[in-house]
Amino acid sequence: MPIVRPSKVAHVVYRTRRFDQMVRWYETVFQAQVQYRSPALAFLTFDEEHHRFAFVNMAVFQPNGSEEDRQGAIGVDHLGYSYPTLRDLLENYLEWKAQGIEPYWCIHHGITASLYYADPDGNQMEFQVDCLHSAAEASEFMATMFRLNPLGVEFDPREWLEQLRAGAAEETLLVRTTHEPVSPLRGALQKYLEAPV
Ligand SMILES: [Fe+2]
């Protein structure tokens, strides 16, 4: 029998010692709704799925523990979430910024335009918009252009939003016409990686 592949990615569960802060952050950033909450566990969703996130309050499960943040170089680096349009993502950027939530990396990967954020525990995530019209075009871009620049070119989300609000077409920003300068790697990996990618 062939092995059956999963039909979708369903949810992420985080262990935390900043339980209230984490739930609030996901309510704000994802406009997520709390489906169930006790002192020990919380389940949230941002769409029709019963839960997209759960948080385990380690202060309940392991009251004597002390570590607050993600530690070490091994583990998940980030999760990626797609948004329907660049305008949606950049308008969100302003809303989040008004609440003190700022990206640590704004990068045009060529295949996606992406804003990277970290939650209060330091878990990283990428909020992205696809730049190309199909998965095939994106694969072609990776096969040909990643050699020139595997990371991407940084951009100013505020400047892009102003252009869109002034009537610029998303297409003009999403199609990456310049591949320089290659952005440094930002976020948690930065401290581990000295060599070029
Ligand atoms: Fe990513």
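How many residues of domain 1 are in contact with how many residues of domain 2?

1. Basis. This is a predicted model: local features need pLDDT of at least 70, side-chain atom pairs count only at pLDDT 80 or more, and totals for chains, interfaces and linings use all residues. Residue numbers start from 1 along each chain as its sequence is written.

2. Overall make-up. The protein chain holds 6 helices and 9 strands; helices (H or I, at least four residues) and strands (E, at least two) are DSSP runs, numbered from the N terminus. The C-alpha trace spans about 50 × 45 × 40 Å along its principal axes. Of the 197 residues, 20% are buried. A residue is called buried if 20 or more other C-beta atoms lie within 10 Å of its own, exposed if 12 or fewer, and partly exposed in between, with C-beta atoms placed from the backbone. Among contacts with a separation of 6 or more, 62% are between residues 24 or more positions apart; a contact is a pair of residues whose C-beta atoms, placed from the backbone, lie within 7 Å.

3. The chain is divided into domain 1 (12-61) and domain 2 (78-184), with bounds that come from an automatic or database domain assignment. To answer the opening question, 9 residues of domain 1 are in contact with 8 residues of domain 2. On the side of domain 1 that touches domain 2, β1 (12-16) and α1 (19-29) each supply at least two residues. The most come from α1, with 5 residues. By class, this side of domain 1 has 5 nonpolar, 3 polar and 1 charged residues. Here Ala, Val, Leu, Ile, Met, Phe, Trp, Tyr, Cys and Pro count as nonpolar, Asp, Glu, Lys and Arg as charged, and the others, Gly among them, as polar. The C-alpha centres of the two domains lie 26 Å apart.

4. Strands β2 (residues 33-37) and β3 (residues 41-45) run antiparallel and are joined by 4 bridges; two strands pair if DSSP finds at least two bridges between them. They form a hairpin with 3 residues between them, and Arg37 stands opposite Ala42 in β3. On to β4 (residues 53-57), β3 again makes 4 bridges, also antiparallel. Leu41 has Val56 in β4 as its bridge partner.

5. The five-stranded sheet. An open sheet of 5 strands runs in the order β5-β8-β7-β6-β9, with mixed pairing. β5 (78-82) and β9 (153-154) are at the edges with a single partner strand each, so one side of each is left without a neighbour in the sheet. The β6 to β9 pairing is antiparallel and has 2 bridges, with Glu154 in β9 as the bridge partner of Ile107.

6. Cores. A nonpolar core is a set of buried Ala, Val, Leu, Ile, Met, Phe, Trp, Tyr and Cys residues joined through C-beta atoms within 7 Å. The largest has 16 residues, of which Leu86, Leu89, Leu90 and Leu115 touch the most other members. At least two residues each come from α3 (86-98), β6 (105-108), β7 (112-118) and β8 (124-130), and α3 gives the most, with 4 residues. Leaving aside residues up to four places away in sequence, Leu86 touches Ala113, Val129, Leu164, Glu170, Leu173 and Leu174. A second, separate core of 11 residues includes Tyr26, Ala42, Phe43 and Phe53.

Conventions. Two residues are in contact if their C-beta atoms, placed from the backbone, lie within 7 Å.
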